[in-house]
Amino acid sequence: MRAIRTPSRRTFLGLAIGLGSSLWSRASRAQNASDAKQPIAIQLTLDHPIDAAVSSFVMAGVGGSFSAEGLAVTTNIAGGSQDAIARVSSGLSDFALVDINMLIRARDRHGAPPVKAIFVLFNHAPYAIIARRSRGIRALADIEGKNLGVAEGDLSIRLWPAVARHNGIKPASVKQSSISAAVREPMLSAGQVDAVTGFSYLSPINLRDRGVPADDLAVLRFAEYGCEAYGAALIVNPKLATANAEVVKGFVRAVITGTHLAIKEPARAVTEVVSRMDAGSRELESERLRAIIGDNILTAEVKQHGIGGIDAKRFERSIDQIAEDFKFQKRPTASDVFDDAFLPPADARVVN
């Protein structure tokens, strides 16, 4: 995988960064020059700075999976899923990792390009309410009458109406305080709010890093309370998908192999991820990766049917849940948003 050094890794936005440890993997360098083919340049957009959540892509790079598929992948960081979708729609990027529920909403805009998801990395969305037990919240029903901090741009709150209805909770019974994402964890740790919405693999770990005892945190994962939503998914530029399906299939195969490596060798994955972060913590990213693999990737559905695909009926139900907070101009179907044509057979997608 192609690596591009930048003056500062904090200048992620709009800059290309390398997921690989060198220009080529050792396997690629050892290949006989006469057999080597010119690699195809691929631009991948991540919707947030590198952390353990993108271990699949990091390991696909350092493990040589991308180069084995004849791909030279360069990565850039967007300012969220909406920005990442726009980059793929415009052709600035070939692929992007985005929140699939944001894609569902984005596709409903008039004139929106027909961008589709082709691979689901997070079988369960990481949406959650993170609460303090010491503030009287141990289960979702305890949220009534409490003060819930909601950060600007938070995606979890968009599914909260459906989760609340499913569990017999009146949303109006919960006070919502709009806060900056930068102060979400500090405000909860200081007791200025009783709970916050966020991702189950982010806020709880960040809070423990701030000194909040683990036994004082209640992580109320929406997936455990009836939320049907899938999470992080890979999208592709429609022109690339039409013009070169084999490249798209090869990219997906490499990501699956990278996911296998991250699960099989989590310590190595964490080492590679932390080396690409500013002041990254092995302890925190190790905990983050364990949570992601256990809660979002290796679900019962994935263990039974393999990684990357969707259950069409569940996906339709998830769209219905989105509609409780979002008025569609034209409600999409699962096939409008997800295309399984680039996935390998199910037996090649088994992950354990």
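1. A quick word on terms before we start: a residue is called buried when its relative accessible area is under 20%, exposed when it is over 50%, and partly exposed in between (1.4 Å probe, protein chains only). Please keep in mind that this is a predicted model, in which local features need pLDDT of at least 70 and side-chain atom pairs count only at pLDDT 80 or more, while totals for chains, interfaces and linings use all residues. Residues are numbered from 1 along each chain as its sequence is written, and side-chain values use heavy atoms, with hydrogens and water left out.

2. Let's begin with charge pairs. Side chains of opposite charge can pair when their charged atoms come close. Searching the whole structure gives 19 salt bridges, each one a side-chain nitrogen of Lys or Arg within 4 Å of a carboxyl oxygen of Asp or Glu.

3. One of them joins Arg253 to Glu69, with the closest N and O atoms 2.9 Å apart. This pair links distant parts of the chain, 184 residues apart: Arg253 belongs to helix α10 (residues 245–264), and Glu69 to the loop between α3 (65–68) and β3 (71–77). Helices (H or I, at least four residues) and strands (E, at least two) are DSSP runs, numbered from the N terminus. Arg253 is partly exposed, at 33% relative accessible area, and Glu69 is partly exposed too, at 29%.

4. Lys249 is partly exposed, with a relative accessibility of 28%.

5. Have a look at Asp320 and Arg331 as well, a salt bridge with its closest N and O atoms 3.0 Å apart. Asp320 sits in helix α14 (residues 312–322) and Arg331 in the loop between α14 and α15 (334–337), eleven residues apart. Asp320 is partly exposed at 42%, and Arg331 is partly exposed at 33%. Elsewhere, Asp154, Arg184 and Glu185 are linked in a network of salt bridges.

6. The largest nonpolar core has 101 residues, and Phe57, Phe95, Phe119, Trp160 and Phe251 have the most contacts inside it. Helix α10 supplies the largest share of this core, ten residues. Here a nonpolar core is a set of buried Ala, Val, Leu, Ile, Met, Phe, Trp, Tyr and Cys residues joined through side-chain atoms within 4.5 Å.

7. Leaving aside neighbours within four places in sequence, Phe119 is in contact (heavy atoms within 4.5 Å) with residues including Val252, Val255, Ile256, Phe338 and Leu343.

8. The axes of α11 (residues 266–274) and α12 (residues 282–297) come within 9 Å and cross at roughly 125 degrees. Axes are lines fitted to C-alpha atoms, for helices over the stretch in contact, with angles from 0 to 180 degrees between N-to-C directions.

9. Helix α12 also meets α10: their axes come within 10 Å and cross at roughly 125 degrees. The contact is made by Thr259, Ala262 and Ile263 of α10 and Leu289, Ile293 and Ile297 of α12. This crossing of α10 and α12 is left-handed.

Notes:
A crossing is left-handed if the near helix is turned anticlockwise from the far one by less than a right angle, and right-handed if clockwise.
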